[in-house]
Amino acid sequence: FFFLLSMATRAVASAVFDLPIDTVWQNIRDFTFNAKFISTIETATIMDGRSPDSVGCIRESKWSTGESQQHRLIELSDQNYRLAYELVAAEPAAENIATITTISLHRVTETNATLVQWSADFSADVSPAAVNFNYSSFMENLKEIRTNMCK
């Protein structure tokens, strides 16, 4: 007997921002954007003295719960309106070995709005609960970022 067990190792969420893509991008491309727009994140600092739009820089984010994570910026594309980062450290430790997160923007030509997609690809050792948690977090974060950015 063969059993095929399908497990999602990707969380994807998206939202439409009623703002031009260049406006959204100018806010998102700064790798410390998360502390500026998400209330549960107390601080986001670049640890290695590089600029927050420098590929390879490491950001430390601290949540109001006391948790912290360090992410390395691995892609920043002004042409494709996309950034990607990898998890390099977490306290408490992450339950899976690897996570690569991507935020990409797409112009909605009909209304000049912006579709923002936030996704994470996880190593195969991730639990379904962790994938669902990240999806829910991305959705809540997108809503909060949109509200704060559209003020």
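Student: Over how many bridges do strand 6 and strand 7 pair?
Tutor: This is a predicted model, in which local features need pLDDT of at least 70 and side-chain atom pairs count only at pLDDT 80 or more, while totals for chains, interfaces and linings use all residues. Residues are numbered from 1 along each chain as its sequence is written, and side-chain values use heavy atoms, with hydrogens and water left out. Strands here are DSSP runs of E with at least two residues, helices are runs of H or I with at least four, both numbered from the N terminus, and two strands pair if DSSP finds at least two bridges between them. Strand 6 covers residues 99–108 and strand 7 covers residues 113–122, and their antiparallel pairing extends over 10 bridges.

Student: In what order do the seven strands form the open sheet?
Tutor: The pairing in this sheet is antiparallel, and the edge strands, which each pair on one side only, are strand 1 (10–17) and strand 2 (41–46). Read across the sheet, the order is 1-7-6-5-4-3-2.

Student: At about what angle does helix 3 run to strand 1?
Tutor: Axes are lines fitted to C-alpha atoms, for helices over the stretch in contact (heavy atoms within 4.5 Å), and angles run from 0 to 180 degrees between N-to-C directions. Helix 3 lies across strand 1, strand 6 and strand 7, and its angle to strand 1 is about 15°.

Student: Is Asn141 buried or exposed?
Tutor: Asn141 is found in helix 3, and it touches Ile38 and Trp118 when residues up to four places away in sequence are not counted. Buried means under 20% relative accessible area, exposed over 50%, and partly exposed in between, with a 1.4 Å probe and protein chains only. Because its relative accessible area is 16%, Asn141 is buried.

Student: Which residues touch the most other members of the largest nonpolar core?
Tutor: A nonpolar core is a set of buried Ala, Val, Leu, Ile, Met, Phe, Trp, Tyr and Cys residues joined through side-chain atoms within 4.5 Å. The largest one has 35 residues, and those that touch the most other members are Ile28 and Ile145.

Student: Which residues is Ile28 in contact with, leaving aside its neighbours within four places in sequence?
Tutor: Ile28 belongs to helix 1 (residues 21–28), which lies across strand 1, strand 4, strand 5, strand 6 and strand 7. Leaving those neighbours aside, the contacts of Ile28 are Phe33, Leu83, Ile103, Ile145 and Met149.
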